[in-house]
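Subject: Structure handover

Hello,

Please find the structure below. My notes on it follow.

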Amino acid sequence: MADWSTIEALPQTRIEQLFADDPERLSKFSLDVAGIHFDWSKTHLTWDAIKAFEALAAEQDLAGKREAMFGGAHVNVTEDRPVEHTAERGEGNPESVARAADYHARMRMLIDAIEADAFGPVRHVLHVGIGGSALGPDLLVDALGRDYERYDVAIVSNVDGMALEDVFERFDPAATLLVVASKTFTTTETMMNAESAIAWMQQHGVDDPYGRVIALTASPDKAIEWGVDETRILPFSEGVGGRYSLWSSIGFPAAIKLGWDQFEELLEGAAEMDRHFRLTALHENAPVIAAFADLYYTQVRGCETRAPFAYDERLRLLPSYLQQLEMESNGKGVTADGTPVGRPTAPITWGGVGTDAQHAVFQLLHQGTHLVPVEFLAVIEPGDTLSDEHHRQLLLNAFAQGAALMKGRANPDDPARAYPGDRPSSTLLLDVLDARTLGALIAFYEHRVFVNGVLLGINSFDQFGVELGKEMAKAAAKGGGDFDPSTTDLINRAGLA
Ligand SMILES: O=P(O)(O)OC[C@H]1O[C@](O)(CO)[C@@H](O)[C@@H]1O
């Protein structure tokens, strides 16, 4: 029988020694899937560790739970719902896939109508949404949208009015489409931003501002109640979780900015990763191996964080996207049946952009007391058109950092200048950054989160942890709430009582 103690008892060998012991290490711990090269050879994973994790995965019925997810079973047990984001990419139970295809067809028709000037000349798209209703579309538009100039897309999430005001200053209200993205259509920040955007349009003489609203939601009734005409509501299924929703109508800003063909490419890239995840043996399965490495570090080496660094400006929003995906999914204290997990769950996900991060936070990675598994992301084909030297420097820096973390450097005479080494990193090297590869990359992370959740016994698809704070803020906004002395004092000092 496999359990965590088998994994915890595995010998702990320096990574450099693992390379020395096994000339095949690089090929054993790297994979190529959907235009992405994955290299875990500079982690502490060993073949014995993979075998022990495979046994644990069998014990937790990973294969069965994977099939249950794709098959439309209610794997989101606490909310008694299926998990349908893969159906958006055409991978899932036939009923969910057909429904997603209908919703996509509807979305495409509306985009065609906008292109055909049904709303008059549209130049600006103001998308209001928060969390999963903003981070995914923002990532897509930022990563892929540079060469597409027809629409200027702004994604506003924060309830801080400054975020919206910045956009009002540069957008023409008469040429703006207001996109309200909210799965529930009740989120305070989004509804307040939507109302302020309507008021801005009204103040600037737009006749029928509600006629320029497009709603992206799984609660069409609420959108109708709020004033959106049914023809401009793009629904998606309840079973598509907020942080998994960029494939649905929530991806509207990306679909309009990049064009429908590119949106389909994104879905197809993700579907390719879905098929890889669903059909490949565990020891050759990219999301599975990545999750094994995550779990090795959280459970065996006590790592409380992990840090992805994007060595590509186009992926600069990826770390924030991953923060929600990983921390909202697996930042839980109880298992799916409500018993305490009894071991660390999701590592705190942080990270940044290389090379900037090297001059800011890498000190801690090289010499600090925390062991942080690092993930380097880089793209072979440059996004810029400057001299090749920029991209050469960028990639070489990423690779050299991984080497330095692993190798370290002894300095018996001067401990301040010594590097302990043996610090793990994995590298994801993309051939190109296009819609298809980005789709595959994001789907890889989704499945990795799922595997982590299954092996810990967690339901990765609910997020009750966010509710209490929301509730208390709502009570405070109504002048109520039973607050402690410190909070009461802060409310009074800010003149909010
Ligand atoms: O799309 P909605 O319903 O506005 O929710 C926005 C976000 O709020 C959360 O529920 C957390 O507060 C996220 O899970 C979600 O992505």
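**Ligand shell**

Of the 14 residues around the ligand, those that come nearest are Gly131, Gly132, Ser182, Thr187 and Gly242; a residue counts as near if its C-beta atom, placed from the backbone, lies within 6 Å of the molecule. By class, this shell has 2 nonpolar, 9 polar and 3 charged residues. Here Ala, Val, Leu, Ile, Met, Phe, Trp, Tyr, Cys and Pro count as nonpolar, Asp, Glu, Lys and Arg as charged, and the others, Gly among them, as polar.

This is a predicted model: local features need pLDDT of at least 70, side-chain atom pairs count only at pLDDT 80 or more, and totals for chains, interfaces and linings use all residues. Residues are numbered from 1 along each chain as its sequence is written.

**Helix α14 and its partners**

The axes of α14 (residues 318-330) and α17 (residues 435-456) come within 10 Å and cross at roughly 20°. That makes α14 roughly parallel to α17 (angles under 35 degrees count as roughly parallel, over 145 as roughly antiparallel, 65 to 115 as roughly perpendicular and the rest as oblique). Axes are lines fitted to C-alpha atoms, for helices over the stretch in contact, with angles from 0 to 180 degrees between N-to-C directions. Helices (H or I, at least four residues) and strands (E, at least two) are DSSP runs, numbered from the N terminus.

On the α14 side, Leu322, Leu325, Glu326, Ser329 and Asn330 meet Tyr445, Glu446, Val449, Asn452 and Gly453 of α17; contact requires C-beta atoms, placed from the backbone, within 7 Å. The residues of this contact divide into 4 nonpolar, 4 polar and 2 charged.

With α7 (residues 135-144), the axis of α14 comes within 9 Å and crosses at roughly 155°. The two helices are therefore roughly antiparallel to each other. Leu135, Gly136 and Leu139 in α7 meet Leu318, Ser320, Tyr321 and Gln324 in α14. By class, that contact has 4 nonpolar, 3 polar and no charged residues.

**Lysine 332**

Lysine 332 is in the loop between α14 and β9 (348-349). Lysine 332 counts as buried because 23 C-beta neighbours lie inside 10 Å (buried is 20 or more other C-beta atoms within 10 Å, exposed 12 or fewer, partly exposed in between). Not counting residues up to four places away in sequence, lysine 332 touches Val341, Thr345 and Ile458.

**Helix α18**

Helix α18 (residues 467-477) is hardly covered, with 0 buried residues among its 11. Glycine 479, which follows α18, has a positive phi, near 80°.

Regards

Methods. Two residues are in contact if their C-beta atoms, placed from the backbone, lie within 7 Å.
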